[in-house]
Amino acid sequence: MKKATVVYIVSTLGRTGPTRQLLNLVKHLDRNSFDVHILTLSLEPKDSLKSKFGEIRVNLHCLELTRLASVFFGHAKVKKLLCALEPDIIHTQGLRADWLSARLPFPHKIATQRNNPFSDYPKLMGLVVGRIAAHLHCYALRQLEVVTCSDSVASLNHGMNIDSNVIRNGVDTSAFKPIQNSELKQTQRLNLGLPPDGRFFIYTGPLIVRKNIEFLIKSIIGHAIDSDYLIILGTGPSLNHLDQIAKVHPNIIFRDPTDNVLPYLQAADYFVSASYDEGLPNSVLEALAAGLPVLLSNISAHREIIKLSPSSGELFCLNRLDTFYRAIDNLAFKQKTENANNAARASAVKYFSAEQMAAGYQRFYDDLLTQSLHISTRHS
């Protein structure tokens, strides 16, 4: 049986959450059924994951367009390459890729949506430009088969007249594993240059306003327990501001982003996120897979995670220190009575594995191709 050709179109393979999700997807897709190509629109940044895709035998193509050039020449160049590849399915993610795909004369065009454009873009681009970009993105999505990464994003789309299917983000549960015992945890801390004792909270991800890391810092500063530490693993435009706030407290530890966050997750006791908005965050799924209970702000994406596995974490109200401290106490109690660590790991395996995500997309591809075959047969 002839393989189906799938072409994924993205801006770049930069080290971001959506790129890691794409890597998880193509890594676990059945290569006996699908021939995989990835088309990037622009040159790769320094922190590219391109080499990771090369390791799993993916056909890579790059147009090397600037953002401005993609506006004028992107459509023609993408169309020319796709005509040569003859894809059965085009699968995009991100504003530029989705916008180009919406104007292409090919069947079976899928877009994975991992965010709320009206929340994200004004913060990234400014209010006016961001809202224009959000409207353009939503217009493009209405021309495509949309798959959202969570029920919460699909619910938002319903209010914007965008039909959505849901395939949740996935984590590589074979790569992210729990540490075996407390002695190994202490050794892991020493290996990372961290204090061997105490209670460690960890945040991993970009240092941007939407992630609300300032609240996490102030939570630790305001806490009375001197043996509590906060590890902030990442970088971004908010770094200097956050560093200034954190200077008054020696137990707040900044570390540069790393290719391998697992040792830090294994060294910690809890993962924390105070985000204002999320699709379905990679960092939380990685923490769960590493057997790390989670403390999460009470937003829709986080509620979706905790609803599936209440024993694996606790929610707190946005920017409410009293509820944050209460959530810590509640989660500590769950660790003793409900084995929150095991529940976290079980949640990742049952609901958020990369294999399940890839299988979901494969079924979606198969359904589209089968429907097309039936239509073609009826018309012949």
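The largest nonpolar core of this predicted model has 34 residues, and those with the most contacts inside it are Ile 202, Leu 265, Phe 271, Leu 288 and Val 294. Such a core is a set of buried Ala, Val, Leu, Ile, Met, Phe, Trp, Tyr and Cys residues joined through side-chain atoms within 4.5 Å, where buried means under 20% relative accessible area, exposed over 50% and partly exposed in between, with a 1.4 Å probe and protein chains only. At least two residues of this core come from each of strand E8 (199–204), strand E9 (228–233), helix H11 (262–267), helix H12 (282–289), strand E12 (294–297), helix H13 (300–308) and helix H15 (340–351), and H12 gives the most, with 5 residues. These helices (H or I, at least four residues) and strands (E, at least two) are DSSP runs numbered from the N terminus.

Residues are numbered from 1 along each chain as its sequence is written. Because the model is predicted, local features need pLDDT of at least 70 and side-chain atom pairs count only at pLDDT 80 or more, while totals for chains, interfaces and linings use all residues; side-chain values use heavy atoms, with hydrogens and water left out.

Leaving aside neighbours within four places in sequence, Val 294 is in contact (heavy atoms within 4.5 Å) with Phe 271, Val 284, Ala 287, Leu 288, Ile 306, Ser 312, Gly 313, Glu 314 and Leu 331. A second, separate core of 27 residues includes Val 10, Ile 38, Val 147 and Phe 364.

An open sheet is formed by 6 strands in the order E10-E9-E8-E11-E12-E13, with parallel pairing; two strands pair if DSSP finds at least two bridges between them. Strand E10 (252–255) and strand E13 (313–316) stand at the edges with a single partner strand each, so one side of each has no neighbour in the sheet. From one strand to the next the twist averages 25 degrees. E8 and E9 pair in the parallel sense over 6 bridges, and Tyr 203 stands opposite Ile 232 in E9. Helix H9 (residues 213–222) lies across E8, E9, E10, strand E11 (270–273) and E13, and runs at about 160 degrees to E9; axes are lines fitted to C-alpha atoms, for helices over the stretch in contact, and angles run from 0 to 180 degrees between N-to-C directions.

Strand E10 contains Arg 255, which at 22% relative accessibility counts as partly exposed. Although Arg 255 and Leu 233 are 22 residues apart in sequence, their C-alpha atoms are 4.9 Å apart in space. The side chains of Arg 255 and Tyr 264 are joined by a polar contact of 3.0 Å, that is, a pair of N or O atoms within 3.5 Å of which, within protein, one must be able to donate a hydrogen and the other to accept it, residues adjacent in sequence counting only if both atoms are side-chain atoms.

Most residues other than glycine have a negative phi. The following two residues have a positive one.

A search of the whole structure finds 0 disulfides, a disulfide being a pair of cysteine sulfur atoms within 2.5 Å. For Cys 83, the nearest cysteine sulfur, that of Cys 62, is 19 Å away. Cys 149 is buried, with a relative accessible area of 0%, and its sulfur is 14 Å from the closest cysteine sulfur, in Cys 138, too far for a bond.
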